[in-house]
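Have the viewer open and follow along.

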Amino acid sequence: MEENKFIQIIESNSVALASDLVEISLDSFISNETLKDIPVIGTITKLLSIGYSINDKIFIRKLIRFLSELNGLEQNFILKEIKYLDDSSEYNHKVGEKLLELITRIDSEGKPEILGKLFRNFIMKNISQYDFLKLSDIVEKVFYYDLILLKECKNDKFYINLDEELYNFGLIEGKGMGTFNSNDEERAEFEKTTYLITERGKKILEYGLK
């Protein structure tokens, strides 16, 4: 895909229009032969030179869910930030190209929304370039239904069983050895706790899952 395709998608007003399509179910999206008559979908297929195969429709659906998370941001602001990032010598990839690659690879309908939230917070300077790239890589690789269990965190603690994958990616950590000279209430709390959330886990929770 050419490097300017993502910018052209933003310029086509697809962000504002994408929100109207988020509620269409995946099954309806795949089976609906009239989708090409919807302006935003027609624009995306034309700009990206793709068709209406099942895989194409799944990709478009993921892209729309990603774009919907940018709704409310001014188009000029998004374009300015993307062009600034593209012109920066710190980046090995054009940001739009990188995003389209990520959206192509991610394997769950819910992940594009997480990625969209992370990108929104990135261009709004709430997270750094490193955080965005690192967290996006984690989102791509971690099983979606394990990832969303981070929402069960309460006061930096978990009280449920979690998959080891979250630990391996540095999103949670063991609870340690407990507190010496603790009272009964503190000991009971320690026994109920299964894991603690890490700083990296907090960033995904705050900037990708809320």
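Let's start with the rings: Phe6, Phe66, Phe119, Phe122 and Phe132 come together as one aromatic cluster. Keep in mind that this is a predicted model. The structure as a whole holds 8 aromatic pairs.

Take Phe6 and Phe66. Their ring centres are 6.2 Å apart and the planes sit at 65°, so this pair counts as edge-to-face. Phe6 belongs to helix H1 (residues 5-11) and Phe66 to helix H5 (residues 54-68), so the pair ties together parts that are 60 residues apart in sequence. How accessible is Phe6, buried or exposed? Phe6 is buried, at a relative accessible area of 1%, because anything under 20% counts as buried. Phe66 is buried too, with 0% relative accessibility.

Phe6 has another partner in Phe119, and that pair is also edge-to-face, with 6.4 Å centre to centre and 90° between the planes. Here the link runs between distant parts of the chain, from Phe6 in helix H1 to Phe119 in helix H8 (residues 111-123), 113 residues apart. Both Phe6 and Phe119 are buried.

**How the helices pack**

Now for the helices. Two packed helices are described by the angle between their axes and the distance between the axes.

| Helix pair | Angle between axes | Axis distance |
|---|---|---|
| H8 and H9 (residues 129-141) | about 175° | 10 Å |
| H9 and H13 (residues 199-208) | roughly 85° | within 11 Å |

With an angle of about 175°, H8 and H9 are roughly antiparallel, because angles over 145 degrees count that way. On the H8 side, the contact is made by Lys111, Ile114, Leu115, Leu118, Phe119 and Phe122. H9 brings Gln129, Phe132, Leu135, Ser136, Val139, Glu140 and Lys141.

H9 and H13 cross at roughly 85°, which makes H9 roughly perpendicular to H13. Tyr130, Asp131, Lys134, Leu135, Ile138 and Val139 of H9 meet Arg200, Lys203 and Ile204 of H13. How do the residues of this contact divide by class? There are 5 nonpolar and 4 charged, with no polar ones.

Two non-glycine residues with positive phi are worth a click. Ser49 has phi near 55° and is found in the loop between helix H4 (39-48) and H5. Ser49 is exposed, with a relative accessible area of 63%. Asp156 has phi of about 70° and belongs to the loop between helix H10 (144-147) and strand E1 (157-158). At 37% relative accessibility, Asp156 is partly exposed.

Glu69 sits in the loop between H5 and helix H6 (75-87). Leaving out residues up to four places away in sequence, Glu69 touches Glu113, Gly116, Lys117 and Arg120.

Leu100, in helix H7 (residues 95-105), is buried at a relative accessible area of 3%. Leu100 and Phe59 are 41 residues apart in sequence, and their C-alpha atoms are 9.4 Å apart in space.

**Zooming out**

To finish, the whole chain. The protein chain has 13 helices and 3 strands. Its C-alpha trace spans about 65 × 40 × 25 Å along the principal axes. Of the 210 residues in the chain, 43% are buried. Among contacts with a separation of 6 or more, 70% are between residues 24 or more positions apart. The pair of Phe6 and Phe119, 113 residues apart, links distant parts of the chain.

Technical notes
Residues numbered from 1 in each chain as written. Predicted model: local features only at pLDDT ≥ 70, side-chain atom pairs only at ≥ 80, totals over all residues. Heavy atoms only, no water. Phe/Tyr/Trp six-rings, centres within 6.5 Å; stacked < 30°, edge-to-face > 60°. Helix = DSSP H or I, 4+ residues; strand = E, 2+ residues; numbered from the N terminus. Buried < 20%, exposed > 50% of the residue type's maximum accessible area, 1.4 Å probe, protein only. Axes fitted to C-alpha atoms, helices over the stretch in contact; angles between N-to-C directions. Parallel < 35°, antiparallel > 145°, perpendicular 65-115°, else oblique. Contact = heavy atoms within 4.5 Å. Nonpolar A, V, L, I, M, F, W, Y, C, P; charged D, E, K, R; others polar.
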